[in-house]
Amino acid sequence: MDFLLGNSRVGFRVLWKSWRNGMGGFFVLASSLLLLVALPASCAQSQSGTSAQLAPLRVAIAGLVHGHAAGFMRESLHRPDIQIVGIAEPDERVAARYQREYGFGRSLIFANLEEMLEKTQPQAVLAYTNTLDHRRVVETCARHGVHVMMEKPLAVNIEDGRAIARAAKQGKIYVLVNYETTWYRSNAAAYALAHTNAIGEIRKVVVHDGHRGPKEIGVQPEFLAWLTDPKLDGGGALYDFGCYGADLMTWLMVGQRPTAVTAITQQIKPDVYPRVDDEATIVLTYPRAQAILQASWNWPFDRKDMEVYGQTGYVITVRRDEIRVRRAGNDEAQMAANPLPSPLDDSLSYFAAVISGRVKSDGPSSLETNLVVTEILDAARRSAISGQTIQLAASDE
């Protein structure tokens, strides 16, 4: 069974074989198929009907100092598929501001994560803390058997990343990392093209991420305070936006670790960001490929896009929904990528599906992928400080 994409045919058997061999599980198979064919209405209705029959997921929130918490409140606070049972935020001013702005009851607020877990018994926790606190949140939740999804990146260093993995294993919990780019249909389409031989084997990937800078775009004061603290954030633009490219490249390479990491960081605006870098470039070396990750707080506008070059063609993502493709013998064409099916289309649906066992925990949000991301970021920071390329060992065990 084959599907037609432009002038190329992509075999369903190839996708099925990839899935059976563990190359990304349901996430990869579905994203590949969705690039090639529109989701039948009957399938979409079936997915929706299944979701509607499930009881709401009992969710608690750990921290409100990450600016993405505001996005959650605006878009998901009153979703019928989740029930918010508690919010742990020790900063009373921050908690009170969120309560005023989003109208949830004062009874939901706790000053202590442990107390909240004991009293509310959630199934899952969404972490909106600074990055340094991710380890503490996971270790605490693991003791209670509560699954965790945090905002990117996983950890400030590889030691914390491995401690998170140990806690997750001991507590038998899932730990996922939420990246906005995981839910971009353009990225799923690019992955599908790269893994169905439509552009040949990957040779070079260039990823651009960032914006004008957190202060320049007006992030919340509590968010700015820790984003510009090297201990709490791990770095500046290097960690804030370098993680996106490291995550996408690790996903594209099916979990393969680079052999070497080289990074350059700069303080172009030391008067604004005196303690952290605001410009970073990371080069990842693989036996048969290379990645260039460009993370910046100096772009003239916000951007999250990537270029994937294979032996016979390329695919370039155009923000969230479109791609540009060129293959040997053809001109470049721009096209819309098809929507992703539920539960692969947003973080909460995916988190709930992983917890319930409906889908496998793999792909760009998985703990396994993000341990590699953490190793890359840790090596990049050391490279930037030393001015040397960091050679990675054959195994991180």
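Predicted model: local features only at pLDDT ≥ 70, side-chain atom pairs only at ≥ 80, totals over all residues.
In soluble globular proteins, nonpolar side chains tend to be buried together. In the model, the largest nonpolar core holds 78 residues, among which Leu 154, Val 175, Ile 282, Leu 284 and Val 308 touch the most other members. Helix α16 (residues 367–386) supplies the largest share of this core, with eight residues.

When residues up to four places away in sequence are not counted, Ile 282 touches Leu 238, Gly 242, Val 261, Thr 262, Ala 263, Ala 291, Ile 292, Leu 293, Leu 377 and Ala 380.

Helix α14 (residues 242–252) packs with α16 at an angle of about 130°, and the two axes lie 9 Å apart. The two helices, α14 and α16, are therefore oblique to each other, and their crossing is right-handed. On the α14 side the contact is made by Gly 242, Cys 243, Ala 246, Asp 247 and Thr 250, and on the α16 side by Thr 369, Asn 370, Val 372, Val 373, Ile 376 and Leu 377. Six nonpolar, four polar and one charged residues make up the contact of α14 with α16. Two of its residues, Gly 242 of α14 and Leu 377 of α16, are also touched by Ile 282.

In helix α4 (residues 68–76), the buried residues are Ala 69, Ala 70, Gly 71, Phe 72, Met 73 and Ser 76. The buried residues of α4 pack against the strands β3 (57–62), β4 (82–88) and β6 (124–127) and against the helices α5 (92–102) and α15 (347–356).

Definitions and conventions: Residues numbered from 1 in each chain as written. Heavy atoms only, no water. Buried < 20%, exposed > 50% of the residue type's maximum accessible area, 1.4 Å probe, protein only. Helix = DSSP H or I, 4+ residues; strand = E, 2+ residues; numbered from the N terminus. Contact = heavy atoms within 4.5 Å. Core = buried A, V, L, I, M, F, W, Y, C linked by side-chain atoms within 4.5 Å. Axes fitted to C-alpha atoms, helices over the stretch in contact; angles between N-to-C directions. Parallel < 35°, antiparallel > 145°, perpendicular 65-115°, else oblique. Left-handed = near helix turned anticlockwise from the far one by under 90°. Nonpolar A, V, L, I, M, F, W, Y, C, P; charged D, E, K, R; others polar.
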